[in-house]
Amino acid sequence: MEGISISEFGSILMMQGFNGLSVFSVLLLMALGLAIIFGQMGVINMAHGEFLTIGAYTTFVFSYLTQTYFPSLMSTYFLFAIVGAFIFAGLVGLLVEWLLIRHLYKRPLDSLLATWGLSLIMQQIFRSTFGAKEVSATLPDWLMGSWQPTDTIDIPLNGLFVMGLTIVLTCLVGLFMYRSRLGLKMRATTQNRVMAGAVGINTAMVDRMTFVLGCGIAGVAGAAFTTIGSTGPTSGSLYIVDAFLTVVFGGAQSLLGTLASAFTIAQTNSTLEFFMTGSMAKVITLLSIIAILMMRPEGLFSIKVRK
Amino acid sequence: MFNVSNLSVSYGQSEVIHGIDFSVRDNEILAIMGRNGMGKTTLFKSLIGILPCKPGASIKLHDTELSQLPSHKRVAHGLAFVPQGRMIFPTLSVLDNIRTGLRTRDGTIPEEIFALFPVLFDMRHRKGGNLSGGQQQQLAIARALVTNPKVLLLDEPTEGIQPSIIKDLARVLKEIRKMRNLAIVVSEQVLSFALDIADRLLVVEKGRIVDEMEREQADMHKLGAYLSV
């Protein structure tokens, strides 16, 4: 670290920190959907990463179509692509729930295996449709470039955008869970499925909506992902382990926990990555998470009440 | 009004309820008495649809056959259930707990609920899991009441609740009946409580109804013998 002045070091820390924030954003979007599905329904959805990929490819297709047929709309297409990614990933989620997941609710291990198989199938479908080569959506101009508050600090605009999107979506999900009727039904079903049915909640319907919502959010994560990386058939599966880690570390059923844990994991990882190799950074992150989970098996935030 | 006939329930191969028949009249409070393990809870769970009943059974509310419907549809047709052990949602606030039973869109809880259970209003922002047993019991009843039931099923409401609160509970149940004009089916081991509220008593033993009496003709000795271990 010789030859770096204090102010330069500060800038590096800033920029690495901001990098961490971009990773945090995608991780959080991914984990939000997963936390809803895993926390609320207890289904370990190994194919969750593929829903991110669906969102990313949806964005790519939107970008391609816009560029070919309506080049004048290039500056705004991305906003429609986000909505499209949500809807399309949600619809696929609906189909998957109806065909597969609902038959496996009481069999967690079987659902884990089935969704893993599903993820392989989906990856192959992506490969056959879009080819094994990675593709990138053409970003509108306003997402290019960077913001330079000082000479040494360089913050990319796409990172800022992803962060903004994440904040908005997290707030929306929070509002939905804690202020809407369906959100209340979801929380009740999580706590006691049988009793939720006995107070008049259609739990099968709630499960379906939960799954669709979780997949839709993963789709939005995919749209956000296209702004910071290129999309390949396995793009989503790279995130699945980190996303699960986030959910478990944060404490299932707690949105705040998911937020805090995504932040911790992404920041630790990306700050450490600057000072050592990527894999060492990962090792240290993982070891600390394991140590913390041994002390707090329920995760960072767990709600305490009389049992 | 509420008619159950030929109701049999089994866990796997072993049948626990053997063809029970009974009916509940309009505005009646019916107590189902019996010791532990005689099938009271199993009976209640099959009435609300948590446990399936064997083919040939019939559970009729007015003219609607409920025996094949899932729980939430039975609730929509006018059945409500307060389970043994309350089973409130522990991490939801008291208000949210009650709202889970509401079917209106706006989520306002009828004032009469808080008139019946003033303590729930005082505790409305607490988590359900942090309430005492008696308060949780009131919460479970409130949650069932906002579904506007025609028949309210209560499974051992006095279990684990102190005697002074049990008296309150009896008063509240009678008030509810008067206010809402509904029928109540309650399973019970505490004889004094049952005699206080019920119009009619059934005795369940080993999955069969072995005795039936109006409260006026209730024979304390005979009932006591059924309930003693």
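**Group meeting: a walk through chains A and B**

Okay, let's start where the two chains meet: the contact takes 18 residues from chain A and 27 residues from chain B. On the chain A side, α6 (181-191) and α7 (193-198) each supply at least two of the residues that touch chain B. If you sort that side of chain A by class, you get 10 nonpolar, 5 polar and 3 charged residues. Before I go on, please keep in mind that this is a predicted model.

Let me stay with chain A for a minute. Its secondary structure comes to 11 helices and 2 strands. Reading along the sequence, the pattern goes α-α-α-α-β-β-α-α-α-α-α-α-α.

So how does chain A compare with a compact globule? For 307 residues, a compact globule would have a radius of gyration near 19 Å, and chain A has 20 Å, so the two agree. Along the principal axes, the C-alpha atoms of chain A fill a box of roughly 65 × 55 × 35 Å. Buried residues make up 45% of the 307 residues in this chain. And if you take the contacts in chain A with a separation of 6 or more, 78% of them are between residues 24 or more positions apart.

One helix to look at in chain A is α8(A), residues 203-228. It has 26 residues and reaches 38 Å from its first C-alpha to its last, close to the 38 Å expected at 1.5 Å a residue. α8(A) is also mostly covered, with 21 of its 26 residues buried.

Now over to chain B, and its sheets. There's an open sheet of 4 strands, in the order β2-β1-β4-β5, with antiparallel pairing. The edge strands here are β2 (14-24) and β5 (64-65) of chain B, and each pairs on one side only. β1(B), residues 2-11, pairs with β2(B) in the antiparallel sense over 7 bridges. Helix α1 of chain B, residues 40-48, lies across β1, β2 and β4 (58-61) of chain B, running at about 70° to β2(B).

Then there's the other sheet. In chain B, 6 strands form an open sheet in the order β6-β7-β8-β3-β9-β10, and the pairing is mixed. Why do β6 (79-82) and β10 (208-214) of chain B each have one side without a neighbour in the sheet? Because they stand at the edges, each with a single partner strand. The twist averages 20° from one strand to the next.

Further inside that order, β3(B) (residues 29-33) and β9(B) (residues 200-205) pair in the parallel sense over 4 bridges. In that pairing, the bridge partner of L30(B) in β9(B) is R200(B). Helix α9 of chain B, residues 220-227, packs on the sheet and touches β3, β9 and β10 of chain B; its direction makes about 50° with that of β3(B).

Are the faces of β6(B) covered or open? Both are covered: L79(B) and F81(B) on one side, and A80(B) and V82(B) on the other, are all buried.

That brings me to helix α6(B), which has 13 residues and reaches 18 Å from its first C-alpha to its last, close to the 18 Å expected at 1.5 Å a residue. It's mostly covered, with 11 of its 13 residues buried. The buried ones include four glutamines in a row: Q135(B), Q136(B), Q137(B) and Q138(B). And what covers the buried residues of α6(B)? The list includes β6, α3 (94-99), α4 (111-116), α5 (118-122), β7 (151-155) and α7 (163-180) of chain B.

Let me zoom in on one of those glutamines, Q136(B), which lies in α6(B), residues 133-145. Why does Q136(B) count as buried? Because it has 23 C-beta neighbours inside 10 Å, and the cut-off for buried is 20 or more. Leaving out residues up to four places away in sequence, Q136(B) touches R86(B), I88(B), G128(B) and L131(B). Its C-alpha is also separated by 9.1 Å from that of V94(B), 42 residues apart along the chain.

That's the tour, so over to you for questions.

Conventions:
Residues are numbered from 1 along each chain as its sequence is written. Chains are lettered from A and ligands numbered from 1 in the order in which they are written. This is a predicted model: local features need pLDDT of at least 70, side-chain atom pairs count only at pLDDT 80 or more; totals for chains, interfaces and linings use all residues. A residue is buried if 20 or more other C-beta atoms lie within 10 Å of its own, exposed if 12 or fewer, and partly exposed in between; C-beta atoms are placed from the backbone. Two residues are in contact if their C-beta atoms, placed from the backbone, lie within 7 Å. Two strands pair if DSSP finds at least two bridges between them. Axes are lines fitted to C-alpha atoms, for helices over the stretch in contact, and angles run from 0 to 180 degrees between N-to-C directions. The expected span of a helix is 1.5 Å times one less than its number of residues. Ala, Val, Leu, Ile, Met, Phe, Trp, Tyr, Cys and Pro count as nonpolar, Asp, Glu, Lys and Arg as charged, and the others, Gly among them, as polar. The radius of gyration is taken over C-alpha atoms; the globule rule is 2.2 Å times the number of residues to the power 0.38.
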